[in-house]
Amino acid sequence: MTTLQLTEQILKKKSFLCIGLDVDLDKIPQHLLKDEDPIFAFNKAIIDTTHHLCVAYKPNIAFYEAYGIKGWKALQKTINYINENHPEIFTIADAKRGDIGNTSKMYAKAFFEDLNFDSITVAPYMGKDSVEPFLSFQGKHTILLTLTSNPGALDFQVQKIDQKAFYQQVLEISKTWSNSGNLMYVVGATQAESLSEIREIVPDSFLLIPGVGAQGGNLEDVWKYGKNSNVGLLVNSSRGIIYASSDENFAQAAKLKAKELQQQMEEMLKT
Ligand SMILES: O=c1ccn([C@@H]2O[C@H](COP(=O)(O)O)[C@@H](O)[C@H]2O)c(=O)[nH]1
């Protein structure tokens with residue numbers, strides 16, 4: 001999917017919501033554990049009730065890898081289900097990969113070719129040759145971790161090198177790489193005060209913003225400081241939506257939570 005198509009979906013659905021599919025078997029409704037594939041059964045129910053309210057789904061790969069081969073199969077079924085039934089939805093493999101070039105190439109093949117995700121999150125720490133193998137896939141997007149939502153973001157990302165914070169260097173340097181048009185950036189909703197300055201460096205790029213809901217980030221601030229003239233935002237919520245209820249009505253409860261966020265976004269898009 002192109003960024004233009006993604007923007008069209010945002011305007012059509014009046015939503016820049018990304019729903020995180022972070023499935024934890026200890027948190028899903030217990031009746032689903034009787035299913036042959038509880039992870040997929042949970043995801044399918046969430047997708048069936050929320051697909052019209054969001055423009056992206058983001059399975060965090062850790063939540064699938066943790067369950068071994070069963071988790072990986074559930075991930076495959078989930079991405080296939082989205083691609084077959086809702087091809088207009090942007091898919092993000094939140095895998096946070098990045099390694100020496102030939103290894104990154106294999107990560108890229110796994111997530112872009114085998115699983116057919118539209119995008120993947122990548123850590124920039126190993127530099128250009130670790131990221132460019134992802135960027136070389138046409139029609140796919142690489143979402144670089146930039147200023148993350150967790151307290152540990154202060155350990156390295158804001159430290160200064162040549163008077164500039166490390167995360168600012170990530171933005172400026174990555175813009176010079178081959179196929180940098182395929183780049184998007186992760187900025188935590190908890191870092192909203194830095195969004196204006198980030199927008200000055202990457203005015204046109206999409207920003208993936210996790211951290212609203214369970215982590216306390218504020219959607220109004222993200223909109224105020226992070227939007228660009230094409231919206232340019234994907235705001236993720238995982239636990240706040242998918243675990244809205246642990247009863248049999250969990251998917252309807254998730255739909256209500258997603259609807260609340262979508263309605264706030266619809267109002268913002270009118271301004
Ligand atoms: O800076 C980051 C980067 C990634 N994440 C991921 O997003 C979701 C957030 O989940 P919530 O339940 O809505 O808090 C999760 O998969 C994180 O690993 C992030 O939170 N912050």
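The largest nonpolar core of this predicted model holds 78 residues, of which L17, C18, Y185, L208 and V235 touch the most other members. Such a core is a set of buried Ala, Val, Leu, Ile, Met, Phe, Trp, Tyr and Cys residues joined through C-beta atoms within 7 Å; buried means that 20 or more other C-beta atoms lie within 10 Å of a residue's own, with C-beta atoms placed from the backbone. Helix α2 (residues 38-50) supplies the largest share of this core, six residues, helices being DSSP runs of H or I with at least four residues and strands runs of E with at least two, numbered from the N terminus. Beyond four places in sequence, L17 touches L53, C54, V55, V235, A258, L261, Q262 and M265, a contact being a pair of C-beta atoms within 7 Å.

The model is predicted, so to speak with care, local features need pLDDT of at least 70 and side-chain atom pairs count only at pLDDT 80 or more, while totals for chains, interfaces and linings use all residues. Residues are numbered from 1 along each chain as its sequence is written.

Finally, P133 lies in helix α6 (residues 128-135) and is buried, with 22 other C-beta atoms within 10 Å. Apart from neighbours within four places in sequence, P133 contacts G101, S104, K105 and A108.

Definitions and conventions
Buried ≥ 20, exposed ≤ 12 C-beta atoms within 10 Å, placed from the backbone. Contact = placed C-beta atoms within 7 Å.
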